[in-house]
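Subject: Structure handover and summary of findings

Dear colleague,

Please find below the sequence and structure that I am passing on to you. A written account of what was found follows directly after.

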Amino acid sequence: MRRENVKYKTVRIMTHWDADGLCSAVLLRRYLENSGFKNIGFLIPPLGEFGIDKSIKKELTSQTVLFVCDLNFGKKIFDFLTSKTAMVVNFDHHNRKEKLKDVLDFSASLPSATPPLPPPRRQQCVGTWPRC
């Protein structure tokens, strides 16, 4: 995504409050800053919750580009998000069975012609990294 191609005033990264969500969001923010995006902020649901509360809804405008990290929202929530923002980009490692309309979606396990890879074989390691 090129900054010049997106009309926006704010960039928001909505993320899950667990370790993989927070790490993904921080890395994404660094990438966006290095790509020239400005006015980047985080939206994090309250601890233990998985939805969108009033404080998050207030941040969503037609001039917001929204990145969603590690939140396995359903179609109904994504439909709401796309109706309120300029653009929605989804990054998630959770399985998704359906394609999302009007969302640039980078979810794991989207339906494709390529079968999933088998799980890696567990190997014994003697020594310390990086020799293993």
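Arg29 and Glu33 both belong to helix H1, where they sit four residues apart, about one turn of the helix. Their side chains meet in a salt bridge, with 2.9 Å from N to O. Arg29 has a relative accessible area of 25% and is therefore partly exposed. Glu33 is likewise classed as partly exposed, at 40% relative accessibility. Please bear in mind throughout that this is a predicted model.

Salt bridges

The count of salt bridges comes to three. The side chains of Asp79 and Lys75 meet at 2.7 Å, N to O. Asp79 counts as partly exposed, at 31% relative accessibility, and Lys75 is partly exposed with a relative accessible area of 48%.

Another salt bridge is formed by Arg12 and Glu59, whose closest N and O atoms are 2.9 Å apart. Which parts of the chain does the pair of Arg12 and Glu59 tie together? Arg12 lies in strand S1, whereas Glu59 lies in helix H2 (residues 54–59), so the pair links parts that are 47 residues apart in sequence. As for accessibility, Arg12 is at 12%, which means that Arg12 counts as buried, the cut-off being under 20%. Glu59, at 32% relative accessibility, counts as partly exposed.

The sheet

The five strands form an open sheet in the order S2-S1-S3-S4-S5, and the pairing is parallel. Why is one side of S2 and of S5 left without a neighbour in the sheet? Strand S2 (40–43) and strand S5 (104–108) stand at the edges and each has a single partner strand, so one side of each has no neighbour there. From one strand to the next, the twist averages 15 degrees.

Two of the strand pairings can be described residue by residue. S3 and S4 are joined in the parallel sense over five bridges, and here Val68 stands opposite Asn90 in S4. Strand S4 (residues 87–95) is joined to S5 by five bridges, and these two strands also run parallel. In that pairing Val89 stands opposite Leu104 of S5, while Asp92 has Ser107 of S5 as its bridge partner.

Helices on the sheet

Helix H1 (residues 19–34) lies across strand S1 (10–15), S2, strand S3 (64–69) and S4, and runs at about 160 degrees to S1. Helix H3 (residues 75–84) also packs on the sheet, where H3 touches S1, S3 and S4; the direction of H3 makes about 160 degrees with that of S4. Together, S3, H3 and S4 make a right-handed β-α-β unit.

Two loop residues

His16 is placed in the loop between S1 and H1. Is His16 buried or exposed? His16 has a relative accessible area of 9% and is therefore buried. The side chain of His16 makes a polar contact of 3.3 Å with the side chain of Asp70. Once its neighbours within four places in sequence are left aside, His16 is in contact with Gly21, Leu22, Phe50, Cys69, Asp70 and Leu71.

Lys97 is found in the loop between S4 and S5. At 77% relative accessibility, Lys97 counts as exposed. Ser107 is the residue already named as the bridge partner of Asp92 in S5.

With kind regards

Technical notes: Residues numbered from 1 in each chain as written. Predicted model: local features only at pLDDT ≥ 70, side-chain atom pairs only at ≥ 80, totals over all residues. Heavy atoms only, no water. Pairing = 2+ DSSP bridges. Axes fitted to C-alpha atoms, helices over the stretch in contact; angles between N-to-C directions. Contact = heavy atoms within 4.5 Å. Right-handed = clockwise from strand over helix to strand, strands pointing away. Salt bridge = Lys/Arg side-chain N within 4 Å of Asp/Glu carboxyl O. Buried < 20%, exposed > 50% of the residue type's maximum accessible area, 1.4 Å probe, protein only. Polar contact = N/O pair within 3.5 Å; in protein donor to acceptor, adjacent residues only side chain to side chain.
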